[in-house]
Amino acid sequence: MKVYIDVSNLIKVSFVTGIQRVVREVVLRLLKREDLDIILMNYNEEYNIFEQVDVDRFVLCFEDNIGDKEQLITGKGIDLENLQPEDVFFDIDSVWNLPLRRSVLLPKLKRRGVRLVVYVYDIIPITHPQYCHGQTIYKFMNYIGAYLQYADLIMASAQSTLDAIDELLKQLGLPSIPGVVSWLGADFNIQISEEEEIAPEAVEAAETGRYVLMVGTIEPRKNHALVLDAFDHKLFEQGLNLVFVGRTGWNVEALQNRIDQHRLLKKQLFHLKGMNDATVDYLYKHAYCVAFPTYNEGFGLPIIEAFQRGTPVLASDIPILREVGGDYCDYFDLTSWKSFADALRSWIDHPEQYEERKDKIRTYEPVTWDAVADTIGDALLSIKKESPYPIPDRIRQMVYLTARVDDLLAALPFVEHFMPFIEELVLCCPDTFPDQMREKYQGRLKLLFLTDSELLAGEPLPEDHAMRNFFLRCQAMKSEKLDDVFIMADDDYRPLYPLSQSVYLDNGKYQGYYCYSLGEWKGDQSTPTSFDQSMFRTRDFLEEHGLASLMFDSHMPQVIDRRIFQEILQRFPNIKTKGYSDWSIYFNYLTTYYPEIIANRPYATLAWPGTPSGWDMTVHPEQLLFENYYSELYDDGEIFEGFSRTYYDGIEHENMEKVVRYMNLQADHDYARMVYRTYCENYEMQYGEVPMFYLNLAEDDCVIMIPRYVMICELNFTRIPIIAETSIQTDGMYELSYRILDYQDLVLLDGDCMSVPVSQEKYELAIKGIYGGIKGILEITVRYHEREYKGFTKLFVIKKGI
Amino acid sequence: MLIYESIYDLVEEKMKANDQTMPCSKEAFLFSAEMEPGVCDGQKMIDMENETFFEAAFMGMLNRLPDASAIQGWEAKLKTSSPDVFREALLSSIIFSPEAVLIGSQLRNNRVIIPRLREINILNEYIVEHDKDSAALMQVKKSEPKVGLKDKLYKIYLKLPLSLRVLVHKILRRN
């Protein structure tokens, strides 16, 4: 388990105070724990990526004040795609100030099953927005909204904050989230240098007479005005002085004027700004008491700081300060200056009470930062979840859902020879299948059958292909013929080489192979297939239930723990008729709830997609171990022309050649995508906009907008995104086609025509590049209701290998 | 997005109870919640009112609310310009500002501003360096192209309502 912490703010700020101070203290201590593997991250705004921070230099910089902050950033990017389900992303800084909004980041992490933990100091911008700056309000709403939806654990500095968050969750209709209270430490890692001078104006203020101290930025929430009212009405007359320490914040012009114009300024009223630590320390120690009349706080660190110096505190009577101050504080009504004045007077009139209070404070033991960091570190480790299902040492069974005897018989020799650990097959099949198999199969594997009659048990079989398969697999999970852990496969999956069990079980973890992110799956946009519809349904289900959402339909055999699948069916009893993807439901559930026993890896399938230009894969295989067998790819003129369709001894050498051939085509396709991507980036740099293809279809008109020029790679398909709008209410279709012409209107390529539903808003047009080094015209044609509309732009076809 | 909407409503209620207004409109806030940092999706902004469009452009491309000087500077144009003129001027101003260039702000699905060349012409330099044949074919020009009559007419065409654009199409086809 790795713990990723974003320390961008801490690196960016010029002086460390407030929240960044807390981040520094906690992170330095977490880095020392051997049971935590911490990765520190810095967000690079220009390139929109996270970069790794050098941990050793971080410690030197923030603990020992050695080195520059610029040297902390290694330049090594952190690819969020590499985060594993057992990893934790921990936000402890004021990350709402960063440009990467959590509303965008957290869903990406959640899709991968990463655990999300956040440290919340307060939710004042939500509960008391009137005291906050506009920029803070809008950014904080985004941040807290994201975490309330996606967090697996919330830590807070006080129970009052967790209670406020619970209340907010109820108001929003969201489920509660586990919470941990850690408090804040008071032994800051600051050495007050003996050379640091105490500001003379502070000494002057302190020596003028007995004074009440307020420490903190002057802002509406801190309620300085109430204390000043109390002094103006009574306390100045009685010889008491008032010292404000802190800069002037926002929206306090009237109060600041009142202070600046005060008749007793620098006589009995003092406002000190920019004081160093030594001066603040001095003022605390010499104060009669500290006033803390705030309307709301996340914690109330000045209270602890006053206690540490043995100075009594008068605090506003609000839950958070009652929690932090406990019996060590005295409290007053924050709406009444009289209440404050009376509380103060009771000490002055009864000195023995004041001394009692000081004696009590001497017994105060602040929470140390070590204790805080221990609580946080333990909480991070606690979100590990042990699976109640022991992982077996061996996998020996393979389960097929099949109705095609010949296809299965063609695939089984590959399994027999290349997967020697498999001893037994369970075939979920039509009723007539077993007899045929027993008659024709001569191999070494033991066959067990689960026929449709047994699986359906009287229930109707869905007609849709994807729905039927999902239903049957859900039914099969009840059968005792299946081992607890088995490999699930379709009859067109063939291993390419000898494989060991470690493909599925490695280091005590199941290996899951994903090929896409379900949120990005577009499918056949003009006419979505049954498979596409299943992916969309699965995506919606997973997102609705807050599960990870990668696509595990990788068209290769995968390991399934039947006990966990049954847990899914118990948790969601109605899903078996919904036509979801069994692979994606299972693995995303496993990733979300049992991340410690799954390691997700890029898929390892040859010919998925059948040809590399089938669609733009965003995940690339690390290795190719299985083939998704398409018979038509072996036909004349196709990519596997000349290769054997059936098993023979030594076929693994031929399979290696197939892999090389496919990878070459993949490389060509990737190159074409790179050319197009580079064109888009450069077009954007030139014109300040991403190149856009846009159609607006009306009943008797069509507006086509195309970029000023388009650039593609020769000989490969380039998928161009199209945005379409229409005011027509119809289920009809229109046709979209393209041609490449030279400047003399000679047709160089007559492209494919696609039929698009009028209601389709986004889709892709695959344009094939002709031989490179060409400058010509790209003509786009829309045909609707016997009318033709054309758009033209310049086209550059780039040669491969530039 | 529903959660963000609910949070906005909760906060707005509290602000109103204290006689204060929200720092941005709900529409602009929800828009920014979907955007990658420094990105504005023109498609999603197309139906916004001018005031919301103004906020959304800042929040999308510059990751912040418009500051007081920006509000003051654009207030007059907000009230007096037609939506198309205002929006083009605003987006052009933002996208070519040093702040946007530093952040690497992007405008996607732009249907508002006429593309203009920025000073950097990376693509042409790249091609000239690596592919002499293509460079010769493309006849790359490094200087900013002059705005010709066609560009000016196209600019006017974009401001026309749809019915007039249809008429222009018909006339052009007839000819």
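## A tour of chain A

Start with a helix pair: select Val405(A), Asp406(A), Leu408(A), Leu409(A) and Leu412(A) in α17(A), and you will find them meeting Phe433(A), Gln436(A), Met437(A) and Lys440(A) in α18(A). By class, this contact of α17(A) with α18(A) has 6 nonpolar, 1 polar and 2 charged residues. Keep in mind that this is a predicted model.

Now show both helices whole. Helix α17 of chain A covers residues 405-418, and helix α18 of chain A covers residues 433-440. They pack at an angle of about 40°, and their axes are 11 Å apart. The helices α17(A) and α18(A) are therefore oblique to each other. Their crossing is right-handed.

**Second stop: another helix pair**

Select residues 337-349 of chain A for helix α14, then residues 351-362 of chain A for helix α15. Here the packing angle is about 100°, with the axes 4 Å apart. That makes α14(A) roughly perpendicular to α15(A). Which residues meet between α14(A) and α15(A)? From α14(A) come Ser346(A), Trp347(A), Ile348(A) and Asp349(A). From α15(A) come Pro351(A), Gln353(A), Tyr354(A) and Arg357(A). Sorted by class, the contact of α14(A) with α15(A) has 4 nonpolar, 2 polar and 2 charged residues.

Move on to an open sheet of 4 strands in chain A. Read across it in the order β29-β28-β31-β34; the pairing is mixed. Where are the edges? Select β29 (701-705) and β34 (762-768) of chain A, the edge strands, each of which pairs on one side only. Neighbouring strands of this sheet are turned by 25° against each other on average, direction ignored.

Zoom in on strand β31 of chain A, residues 717-726. How many bridges join β31(A) to β34(A)? There are 7, and the two strands run antiparallel. Pick Thr718(A) next: opposite this residue stands Ile767(A) in β34(A).

**Last stop: the whole chain**

Zoom out. Chain A comes to 24 helices and 36 strands. Its C-alpha atoms fill a box of roughly 105 × 70 × 50 Å, taken along the principal axes. Of its 802 residues, 59% count as buried. Among contacts in chain A with a separation of 6 or more, 73% come from residues 24 or more positions apart.

Note on methods
Residues are numbered from 1 along each chain as its sequence is written. Chains are lettered from A and ligands numbered from 1 in the order in which they are written. This is a predicted model: local features need pLDDT of at least 70, side-chain atom pairs count only at pLDDT 80 or more; totals for chains, interfaces and linings use all residues. Side-chain values use heavy atoms; hydrogens and water are left out. Axes are lines fitted to C-alpha atoms, for helices over the stretch in contact, and angles run from 0 to 180 degrees between N-to-C directions. Angles under 35 degrees count as roughly parallel, over 145 as roughly antiparallel, 65 to 115 as roughly perpendicular and the rest as oblique. A crossing is left-handed if the near helix is turned anticlockwise from the far one by less than a right angle, and right-handed if clockwise. Contact means heavy atoms within 4.5 Å. Ala, Val, Leu, Ile, Met, Phe, Trp, Tyr, Cys and Pro count as nonpolar, Asp, Glu, Lys and Arg as charged, and the others, Gly among them, as polar. Two strands pair if DSSP finds at least two bridges between them. Buried means under 20% relative accessible area, exposed over 50%, partly exposed in between (1.4 Å probe, protein chains only).
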